[in-house]
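Subject: Structure handed over, with notes

Hello,

The structure we talked about is below. My notes on what was found in it follow; please read them with the model open.

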Amino acid sequence: MVGERISLLRRSRNMTQKDLAQLLSVSPSAIGMYEQGRRQPSAELIVGICDAFSVSTQWLLTGQPYTRKDLKEDLSTILHVLPIQEPPVQEAAIPPDLLEQLDRLLKSLPPNI
């Protein structure tokens, strides 16, 4: 359950509901409701939680770890939207928003892959 994983992440950092609420710009009662499963966080808030705790959205939503297969699929998707250039793609040719997505993706990977 998403709420249980939010609670687990918060407690793993010794944060109070108020601390997490301030970090995410929501009310402490909203955090409590998410953790109790009485309310579901928005997609934007889920991304914010994942960024704050360096976890994947897949793990937060499903409890399933991010795998090498997932990484290959995500990287393949990113690479297919990059322009093909001769000579090979240089860093300056990659749009900044794609670099940011790739950076978030890599940061969300567990250390054991």
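Seventeen residues, to begin with the pocket, line the largest one, and Asp 51, Gln 101, Arg 104, Leu 105 and Ser 108 are those nearest its centre. Please keep in mind that this is a predicted model. The space in the largest pocket comes to about 440 Å³. Four helices each supply at least two residues of the lining: α4 (43–53), α5 (57–62), α6 (68–81) and α7 (96–108). Of these, α7 gives the most, with five residues. Sorted by class, the lining holds six nonpolar, seven polar and four charged residues.

Now the overall picture. The protein has seven helices and zero strands, so the pattern along the sequence reads α-α-α-α-α-α-α. There are 113 residues, and 31% of them count as buried. The accessible surface is about 7500 Å², with 54% of it belonging to carbon and sulfur atoms. Among contacts with a separation of 6 or more, 55% are between residues 24 or more positions apart.

Next, the nonpolar cores. The largest one has 17 residues, and Ile 6, Leu 20, Ile 49, Phe 53 and Leu 60 have the most contacts inside it. Two or more residues of this core come from each of α1 (2–12), α2 (17–24), α3 (28–36) and α4. The largest share is that of α4, with five residues. What does Ile 49 contact, once its neighbours within four places in sequence are left aside? The contacts of Ile 49 are Ile 6, Leu 9, Leu 24 and Leu 60. Another core lies apart from this one; it has five residues, including Tyr 66, Leu 71, Ile 78 and Leu 109.

Helix α3 can be looked at by itself. Its buried residues are Ala 30, Ile 31, Gly 32, Tyr 34 and Glu 35. The buried residues of α3 pack against α1, α2 and α4. Just after α3 comes Gly 37, which has a positive phi of about 75°.

Is Arg 10 buried or exposed? Arg 10 has a relative accessible area of 10%, and therefore counts as buried, the cut-off being under 20%. Not counting residues up to four places away in sequence, Arg 10 touches Met 15, Thr 16, Gln 17, Leu 20, Glu 35 and Phe 53. Among these, Leu 20 and Phe 53 are also listed with the most contacts inside the largest nonpolar core, and Glu 35 is one of the buried residues of α3.

The other is Val 55, in the loop between α4 and α5. Val 55 is buried because its relative accessibility is 16%, and the cut-off is under 20%. With residues up to four places away in sequence not counted, Val 55 touches Leu 9, Cys 50 and Ser 108. Ser 108 is also among the residues nearest the centre of the largest pocket. Val 55 and Leu 109 are 54 residues apart in sequence, and their C-alpha atoms are 7.2 Å apart in space.

Some residues with more accessible area remain to be noted. Met 1 is in the segment before α1. At 48% relative accessibility, Met 1 is partly exposed. From Met 1 to Tyr 34, C-alpha to C-alpha, the separation is 9.9 Å in space and 33 residues in sequence.

Asn 14 sits in the loop between α1 and α2. Asn 14 is not a glycine, yet has a positive phi of about 55°. With a relative accessibility of 71%, Asn 14 counts as exposed.

Ser 25 is placed in the loop between α2 and α3. Its phi is also positive, at about 60°, although Ser 25 is not a glycine. Ser 25 counts as exposed, at 68% relative accessibility.

Regards

Notes: Residues numbered from 1 in each chain as written. Predicted model: local features only at pLDDT ≥ 70, side-chain atom pairs only at ≥ 80, totals over all residues. Heavy atoms only, no water. 1 Å grid on protein atoms, 1.4 Å probe; cavity = no way out; pocket = protein on both sides within 12 Å on 5 of 7 lines; lining within 4 Å. Points joined across faces, edges and corners; volume = space filled by probe spheres on them. Nonpolar A, V, L, I, M, F, W, Y, C, P; charged D, E, K, R; others polar. Core = buried A, V, L, I, M, F, W, Y, C linked by side-chain atoms within 4.5 Å. Buried < 20%, exposed > 50% of the residue type's maximum accessible area, 1.4 Å probe, protein only. Contact = heavy atoms within 4.5 Å. Areas by Shrake-Rupley, 256 points an atom, 1.4 Å probe, with all protein chains shown as cover.
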